[in-house]
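Here is a friendly walk through one protein model, taken topic by topic. Keep the picture open while you read.

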Amino acid sequence: MNKVDLLITNAKSIATMNDSREVILDNGWLAVQDGLIVQIGTGSTGQPEAITVVDATGCLLTPGLVNSHQHLYQNLTRSMKPNGVTGLTEWFWTYFPMWKELDEEAIRTSVRLGLFELALSGCTTATDHEYIHPFPYLMDAVIEEAAEVGMRLMAVRGSMTLGPELGGVCLPGMAEDEEDVISDSIRLIKKWHDPKPSAMVQIALGPSNLMSSTKTVFTRSAEIAKEYGVRLHTHIADDPDETEYVLEHFGKTPLEVLESLGWFTEATWCAHVVYPSEAEMQRLAAAGVSVAHCPSATVIDGGLPGGPTPVRDLLNAGVNVGIGCDGATAGDHQSMWMETKTALLLSRLREGTVQAMTAMDALWLATRGSAKAIGREGNIGQLSIGANADIAIWKMDGIQYAGSLVDDVTALLQGGPAQVWSSWVGGAPLVREGKLVGINVEEEVSRHTKSARRLQSFSQ
Ligand SMILES: [Zn+2]
């Protein structure tokens, strides 16, 4: 019999995140061939011979975590104003003067650093929503870096098209011409979007929000998405400033406006959704719109009134919810493990009961929920036969988990801190025994610091 490419064996437990949330205990094993999971089993019998064998004694296997919302460039201005900024508009005015100066080197190094941090937190698929384009072909640079790092990517061609002269919330010179956005979107889809289940890159269209994007860029993006079979992404219902602006300019709530623009479709996933009404939750569910919940971003600057996102209510209404880190200027870290844990804690705090979110629920959001949100349901976010071999191994025999013998998923997310021990994307190693494969971290951080210094010199 031919050898398979990879066999991970002797696992303490495997959280498959299949439809029945099955957890395999006692010497679980998993085989990979040609980038796909081809066999899963338990015990010593039936294991195939393999070219590479990884001993996962004392470890928990999960699907690689899936990040459904982020802006990777924001790690260049991380933690700059931890206590000084209140409200979304002031936040924009604080950071726009710096982000306006993004150059290609800044984008390339920040994408790399962001992906490294995500990888070490167990993430194997990233979403990057780039809505500021100070130079042409910015998304191409993002995609090239992600391919080089080896991370699966949902590349969201974001945009701002509503300049300050038209009442938009951005600085002079930052808004793009709508025609340029549309033609670049179509170019990117044709060049990079891979519809196959094994795709390493897919493209989505993402006007930033209703305060800085024209109505027509929303409607035209929806038309293009339908024509080319790509997805739609934006920020919505995420801050009182936005609600006030949208009520004043449109006479409706942000979600009502989004619905009127043709965005309530199964192809849409929205970041935040902190303020949905009961009726809006029902309509989101009926339309098949997903939500990317970014827990840290909703509390880190002092907490949003009425927040965080009502995840339990959304789930009960039938809305699919995934997890996202958001940018490192909103959430400061880029750890999917930490965001998953924070989602668990905030849901329990919000609802006042443990039942609001179990550890398994939280892991579901970070795997199956996020995969569905970005349109990859079935091929990532689960360890099942035929799925892409995007796998995270967590070492559960360290000090922080000593005494935890029963439930590794609960230990992973209620305990910690955790960093992934090893991970693979489509069967290719991303992290090996705690280290990024083939990456000189010191050099990468030093390169990134140069760009961060340059950008932060534009702080006002
Ligand atoms: Zn965001």
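## A pocket

The second largest pocket holds about 200 Å³ of space. On a 1 Å grid over the protein atoms alone, a pocket is an open set of points with protein on both sides within 12 Å along at least five of seven lines, and lining residues have an atom within 4 Å of a point. Grid points are joined across faces, edges and corners, and the volume is the space filled by probe spheres set on them. This is a predicted model, where local features need pLDDT of at least 70 and side-chain atom pairs count only at pLDDT 80 or more, while totals for chains, interfaces and linings use all residues. Residues are numbered from 1 along each chain as its sequence is written, and side-chain values use heavy atoms, with hydrogens and water left out.

Which residues lie nearest the centre of the second largest pocket? They are Lys12, Ser13, Leu25, Val406 and Asp408, out of 14 lining residues. β1 (4-15), β2 (23-33) and α12 (408-414) each give at least two residues to this lining; helices (H or I, at least four residues) and strands (E, at least two) are DSSP runs numbered from the N terminus. The lining has 7 nonpolar, 3 polar and 4 charged residues. Here Ala, Val, Leu, Ile, Met, Phe, Trp, Tyr, Cys and Pro count as nonpolar, Asp, Glu, Lys and Arg as charged, and the others, Gly among them, as polar.

## Two helices together

Helix α2 (residues 104-120) packs with helix α3 (residues 138-149) at an angle of about 35°, their axes 9 Å apart. Axes are lines fitted to C-alpha atoms, for helices over the stretch in contact, and angles run from 0 to 180 degrees between N-to-C directions. The contact (heavy atoms within 4.5 Å) includes Ile107 and Val111 of α2, and Ala141 and Val142 of α3. By class, this contact has 9 nonpolar, no polar and 6 charged residues.

## The sheet

Look next for an open sheet of 8 strands, in the order β6-β7-β8-β9-β10-β11-β12-β13, with parallel pairing. Two strands pair if DSSP finds at least two bridges between them. The edge strands, β6 (65-66) and β13 (321-323), each pair on one side only.

Helix α3 packs on the sheet and touches β7 (123-130), β8 (152-159) and β9 (201-207). Helix α4 (residues 178-192) also packs there, touching β8 and β9.

## Two backbone details

Glycine 416 and proline 417 are joined by a cis peptide bond, with omega about 5°. Proline 417 lies in the loop between α12 and β15 (422-425).

Valine 273 is not a glycine, yet has a positive phi of about 45°. Find valine 273 in the loop between β11 and α8 (278-287).

Note on methods: 1 Å grid on protein atoms, 1.4 Å probe; cavity = no way out; pocket = protein on both sides within 12 Å on 5 of 7 lines; lining within 4 Å.
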